[in-house]
Amino acid sequence: MEKKKLKAELWDKMHYLFRDYNDRMVHLELEYDYKIDIDALKTVIICFFEKIPVLHSSFTDNHISPYWTVNNYTIDEILTVKDIDESDIAQEVDSFLTQYIPPEANVQMKVGVFYHGDKSTLCIVENHMCMDGGDFKYFCKSLCENYNKYIDEKVTPIDVRSGSRSYQTVYNDFKPSDKKAAENLYKNINKSDNHRFPFAEATAEDKSFIAKRIIPAEKFLKIKTEGKKYGATINDMIMAAYFYSIYELAGYDESESMCISSAIDLRRHKKNIEDSGYTNHTAWMQCKIPERGKDIFATLQYSVRSANQFKQDKFMGLHGLPLLSLGYKIMPHAASEEIIKIGYSNPYFAMSNIGILETDKLALQGHEPVNGFMSGAVKYKPFILLSATTMRNVLTLSVCCRGNEEDKNIINKFFDLIEKNLDKLIAGND
Amino acid sequence: MKRIMEYIDSSLTAFPKSKYSEKFRQNLIEEVTERANDITHAGLSDEKAIEDIIISEHNDIKAEYKEYVKELNASKNKRRNFLIKLFISVIYFLTVLCLYFVISSATKAWSVTWVLPVCSVIVYISVILFIPIATLSKKSTLFVTQTARLILPFIVFNYSTVAFLIFHFVFGFEKSWLVFIAGVVLMFVADGIYVEITAERFAIFFHLLYIVPAFTMLYIIFAVLNIIPWGIGWVMIPGSLVIVLAVIVIRLIMHNRADNSLGEEEPEL
């Protein structure tokens, strides 16, 4: 029987194009004080894969028009289960999370369950071409909900969203006049920035790693409260600390202007996502400050002003889509890629605030995860992406990077500076 | 699988038993069996879950059956249409051949009558070329629709050649080469109509791009045929800019009307 083929959507192609900048993997780690029922999890995973065919498809980079081919698979290709000593868990999880799934692989998602004592750590890695952080979070909540229903009520876990993966679904809830206007926003939104993160020189020993920094709940709540005084969101506060820390770390002159791209979820334009398939709906909001400012509070003001300018735009994040779509339509894929590469400039500094990981929705059999985080792709130097997730008001900042020990030290120093600057923001401007 | 079989049978009870429904049932059973094997191979052992997955994929078997019958009929029609076209083609060429021999024998003008079979072949090829245009134009990829668009001038060129052969060899018209210049104008016209019909996004730019060169060609044709004098006729070329302007104004008015009609929406509840 001939294998089924799926259309490669605009964002699938775009994320494939990002192969020069990152490894396209999205990572999730959740730790439970509970032993996950592997048989139930296997059933849920297979049912989900059956309902979301792109997860067991391989991407074909056809020069004219790329596509996904739906493959047969076995659960062993997806799920890894290991019993680990408590002392080895961190290394095992790190090694699992930093794996790379090639787009040509049979499956596009890997799940790992690591038992250590009475605890389990659930790790999931997936190809960003299939879905972004927003949908991945939704996928994980759905996975947990279906797992619980399957064990408690024997309900077959097929309550999964399915539908169009097209980028155009973001226009579905617009008024016809707004839809027409949004579909005609032919604008190249890329802004180039000459600054670079001060990574060490690349070496042959460079490998993928995830550096994390945990900001405790009490500090996070203070950041939130203090932010309100300045009209700043959590995102603005982290962004300001990010800006200031880069100036300090790299020693850039305070009069220089800088730009950090922040990921925005385009689902904000949709009233309901239940009728859409799992896909990517993410764009960049370019936060630009004219100078560092005399202190972190001045940087915060600039960040808030820049972010607010973006938020006032009712077509926030939609400006580059028609141009990208046109780029892929007018020529064969191979030629389109080359043309888009000329016009596209990947942000050297980026931030993705993935948001709250809701423990109640990620609970398995009433056991809420005790720790966890989600992070974006492993970026190749000189690109850097700071991911932020919160769980029970604990903020986890993470940077996934392909580098060496020296890079790890630099990133840890960067985290120290971010923490220091967040502390300054909390302390106030008195 | 017993539950799936019952589900299939109960869904098909709404339709009278026929060889169609039996074939559909057999195909469906084969398909769901293969699907169940694939899911089992993936590692799922819970039979109820396998059945639920398959049933969720076939939640409207009645509609699937109707679609199947529709496709069968379409396939039959396609085969019938192909045979009709083949029959018409054979009749066409036989008629042309007969006419060629009859006319040639009657007039003894063998040096001229060869135009008839040659033109007939060119016309036949041009008609056949409309098929890929119609098929490719339905695709959403711009690259593919542009390929269809490229075939169009080729067809116009074919017809120009036919016209040239007739004017030159049959009527002995001295200035028959003008047909090719007229052919270029027709290429512009054909492409302009094509971009309008297919609602191409940048249609207006093509219209504007074609107007001045088309009028230049018309100026040459009219002047060579002494319809207009060479000395004053060139006014046609800058004059065509008026038409360019008119096209822009008409397009703007249409655009504004479309925008206004989009604005007339029902208030949100």
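Predicted model: local features only at pLDDT ≥ 70, side-chain atom pairs only at ≥ 80, totals over all residues.
Biologist: How many helices and strands are in chain B?

Modeller: Chain B has 11 helices and zero strands. Helices (H or I, at least four residues) and strands (E, at least two) are DSSP runs, numbered from the N terminus.

Biologist: Why is chain B called more spread out than a compact globule?

Modeller: Its radius of gyration is 30 Å, well over the 18 Å that the globule rule gives for 269 residues, so chain B is more spread out than a compact globule. The radius is taken over C-alpha atoms, and the rule is 2.2 Å times the number of residues to the power 0.38.

Biologist: What box do the C-alpha atoms of chain B fill?

Modeller: Roughly 90 × 65 × 35 Å, along the principal axes.

Biologist: And how much of chain B is buried?

Modeller: 12% of its 269 residues. Buried means 20 or more other C-beta atoms within 10 Å of the residue's own; exposed means 12 or fewer, and partly exposed is in between, with C-beta atoms placed from the backbone.

Biologist: Which domains does chain B have?

Modeller: Domain 1 (2-63), domain 2 (114-201) and domain 3 (203-261). The bounds come from an automatic or database domain assignment. The centres of domain 1 and domain 3 of chain B are 62 Å apart, over C-alpha atoms.

Biologist: New topic. How many residues make the contact between the chains?

Modeller: 20 from chain B and 21 from chain A. In contact means C-beta atoms, placed from the backbone, within 7 Å.

Biologist: Which elements of chain B give two or more residues there?

Modeller: α2 (19-42), α3 (47-57), α7 (142-170) and α11 (236-263) of chain B.

Biologist: Now chain A. What is the strand order in its open sheet of five strands?

Modeller: β5-β6-β7-β2-β12, with mixed pairing. Two strands pair if DSSP finds at least two bridges between them. β5 (79-83) and β12 (369-375) of chain A stand at the edges, each with a single partner strand, so one side of each lacks a neighbour in the sheet.

Biologist: How do β2 and β7 of chain A pair?

Modeller: In the antiparallel sense, over eight bridges. V26(A) stands opposite E126(A) in β7(A).

Technical notes
Residues numbered from 1 in each chain as written. Chains lettered and ligands numbered in written order. Contact = placed C-beta atoms within 7 Å.
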